[in-house]
Amino acid sequence: MKKAIYPGSFDPVTFGHMDIITRSAKIVDELVVGVLNNSAKNSLFSLEERVSMIKEMTKDIPNVKVASFDGLLVDYMNEIGATIIIRGLRAVTDFEYELQIAQANHVQNEEIETIFLTTDLKYSYLSSTIVKEFASYGGDISKFVPECFIDRIYDKYKDK
Ligand code: ADP
């Protein structure tokens, strides 16, 4: 059984992430979307909120699970028996860092392979940062995230 993890911050999850999730779920038997509990990164949404938004978004894909993890990705993969890492590539700027991380993870554990999916052209510009930037100025984010998340994102900026 091929078990993969798609790790990230997902702060918040976007249509770009969803595209990678949908496509990679067709390649592997089980996909775990792993939300990183990174206390050093100042996130807009709490870990629980990020997990629950991804659960809502992926509820119709039976082989997708959502979980959170902290610490080293390779250790978490060992714990859950996953051997494949899924990452999305948007532009060459993503590549240098991703290559380095993929190689470092492979050195840690030779069983681990990273699969890169290239972004759908429609979403090549899209990142959680762009969503937050637009939302902070009250801009239109309807092309970036599902309708049901829009107010939740705006609400985060209400008191700021
Ligand atoms: P991280 O902090 O690990 O970069 P992100 O939540 O920003 O976490 O991204 C998680 C993964 O999703 C990364 O592999 C990133 O390249 C990919 N990704 C993000 N947005 C897109 C997009 N629009 N198209 C394809 N892949 C994307």
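The legends below describe close-up views of a predicted model. Local features need pLDDT of at least 70 and side-chain atom pairs count only at pLDDT 80 or more, whereas totals for chains, interfaces and linings use all residues. Residues are numbered from 1 along each chain as its sequence is written, and side-chain values use heavy atoms, with hydrogens and water left out.

**View 1. Shell around the ligand.** The ligand has 15 residues around it, of which Tyr6, Ser9, Gly88, Tyr123 and Leu126 come nearest (a residue is near if one of its heavy atoms lies within 4 Å). By class, 6 of the shell residues are nonpolar, 6 polar and 3 charged; Ala, Val, Leu, Ile, Met, Phe, Trp, Tyr, Cys and Pro count as nonpolar, Asp, Glu, Lys and Arg as charged, and the others, Gly among them, as polar. At least two shell residues come from each of strand E1 (3–8), helix H1 (15–25) and strand E4 (84–89) (DSSP runs numbered from the N terminus, at least four residues for helices and at least two for strands).

View 2. A polar contact is a pair of N or O atoms within 3.5 Å. An N or O atom in the side chain of Ser9 is 2.8 Å from a ligand oxygen atom, and a backbone N or O atom of Phe10 lies 2.9 Å from an oxygen atom of the ligand. A polar backbone atom of Tyr123 is 2.8 Å from a nitrogen atom of the ligand. The protein buries 87% of the 550 Å² that the ligand exposes when taken alone (Shrake-Rupley method, 1.4 Å probe).

**View 3. Aromatic pair Phe15 and Tyr123.** The structure holds 5 aromatic pairs (ring centres within 6.5 Å; planes under 30 degrees apart are stacked, over 60 edge-to-face, the rest tilted). The ring centres of Phe15 and Tyr123 are 6.4 Å apart and their planes are at 35°, so this pair is tilted. Phe15 is in helix H1 and Tyr123 in the loop between strand E5 (113–118) and helix H5 (128–136), 108 residues apart.

**View 4. Loop between E1 and H1.** Phe10 is placed in this loop and has a positive phi of about 50° although it is not a glycine. Pro12 is also found here; a cis peptide bond, with omega about 0°, joins Asp11 to Pro12. Most residues other than glycine have a negative phi, and most peptide bonds are trans.

Terms used: Polar contact = N/O pair within 3.5 Å; in protein donor to acceptor, adjacent residues only side chain to side chain. Phe/Tyr/Trp six-rings, centres within 6.5 Å; stacked < 30°, edge-to-face > 60°.
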